Amino acid sequence: MNSRSGEIDHYLLVAVLVLTGFGLIMSFSAGGFMSGSSAKFSNDSLFFFKRELIRVALALVFFLVALNINYRKLRSLIVPFFGVMLVVLLLTLVLGQSVRGSRSWIMGLQPVEIARIALVLFLADFIDKKGEDFKKIKIGYIPGVAAVVLLAVIIGLQPDFGSAMALSILGYTMLFLGGANLLAWVGGLGLASVAFAAAALTQKHVLGRLTGFWWGLTRPEELSALIESSSGHIKNTLVQTHQSLLGIGSGGFFGVGLGQSRQKFLFVSEAHTDFIFSIIGEEGGLLFAGIIMLVFLVILWRGIKLSLQLSDRFESLTVLGLSCGIFIYAVINISVALGIFPITGLPLPFLSYGGSALLANAVSVGLILNISKHRGEKSGQTFIRKNNGVSDSRWRDGRSSLSWSGRSRRR
């Protein structure tokens, strides 16, 4: 299964198909009892499965568009796209629907998922255009980090600290990979971490989750007594983490069998969304849980490898950012299920039930595969043609080329 120039990355495609197919199975397994036992879902045990099936079909359409779009021609729209997403996030903050204390939904969508793509494209475009000037603090690092902080602040005000943290990690990762001044990067990361922690601790639910997480991590032998004596967010965190670990632990190596989970009978809250990994660990055991983690590592590996094969800096950073975005969400979600990270409410990409995240991840993979078709192309060819005064600035596949010579002039 070797992928060559002009072909999409088959390893990445297979990895995503595996996750999406398994996600459909788990929507059927993990969500069946909840929907079948609730009048809210018409007592339909297939409620979540049927809706997820429709969302997968819709995500496939978005995936195909992203896979075939001429992203080079649309690059001039990246900055307006980022600006529009900021406006949409502000409108969501004011007019959005509040779900579990966070005003992060509007018109049935969670814009923060789309904002992840906008942030990656914006930073890749910004870093590429700045060239060597990106290493300069005033005109390179500060404008870049300002975009990350602005996005994180708006999302934090919703308040959705889990998404704000994940996007901040992604943004700072891209700034580092883009070659930001290391001292400025470390200093900015420290200041941002302190500011983020100070803001998060003013929120009662965040403080409760952190307290519950810390107690569960440091006092596991007293867990039952702590659950009995606590209340509110602390108790919810202790119970959710405890039940999640019970599910994973009871799965053993081979699991109890698909569809045989006991924890999905409302012992684990949000079994089909936030804690889907716990049900996977219970039904499929360490074997399935390990395979899932391995597949996410494959996505990151292919992203890194592809980025190294691309001669265009914008495309290389875009592939890195999009693949890192999927991997960061996966690591945080799995860490929460394993009780080694505070509860964030972030979904497990392609596996958790939910439309906005699925669409965003489908578009991300579509763009990565689209760009993967152009690995091996020599940007120097365009540079040479332009220096020779040849006016043809199109690649052999008819796409408009990115102008390295233009970027050189900007430098």
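Leaving aside residues up to four places away in sequence, V145 touches Y172 and L175. This is a predicted model, so treat what follows as a look at that prediction. Here's a quick tour of V145, S168 and S29, taken one at a time: V145 sits in helix 5, S168 in helix 6 and S29 in helix 1.

**V145, in helix 5**
- Helix 5 covers residues 137-157, and V145 has its place there.
- V145 has a relative accessibility of 12%, and because buried means under 20%, V145 counts as buried.
- Along the chain, V145 and Y172 are 27 residues apart, yet their C-alpha atoms are separated by 7.5 Å.
- Y172 also turns up among the residues that V145 touches, together with L175.

**S168, in helix 6**
- You'll find S168 in helix 6, which runs over residues 161-177.
- The relative accessible area of S168 is 17%, so S168 falls under the 20% cut-off and is buried.
- Not counting residues up to four places away in sequence, S168 is in touch with V148 and A152.

**S29, in helix 1**
- S29 belongs to helix 1, made up of residues 10-36.
- With 7% relative accessibility, S29 counts as buried too.
- Which residues does S29 touch, not counting those up to four places away in sequence? They are G259, K264 and E283.

Conventions: Residues numbered from 1 in each chain as written. Predicted model: local features only at pLDDT ≥ 70, side-chain atom pairs only at ≥ 80, totals over all residues. Heavy atoms only, no water. Helix = DSSP H or I, 4+ residues; strand = E, 2+ residues; numbered from the N terminus. Buried < 20%, exposed > 50% of the residue type's maximum accessible area, 1.4 Å probe, protein only. Contact = heavy atoms within 4.5 Å.
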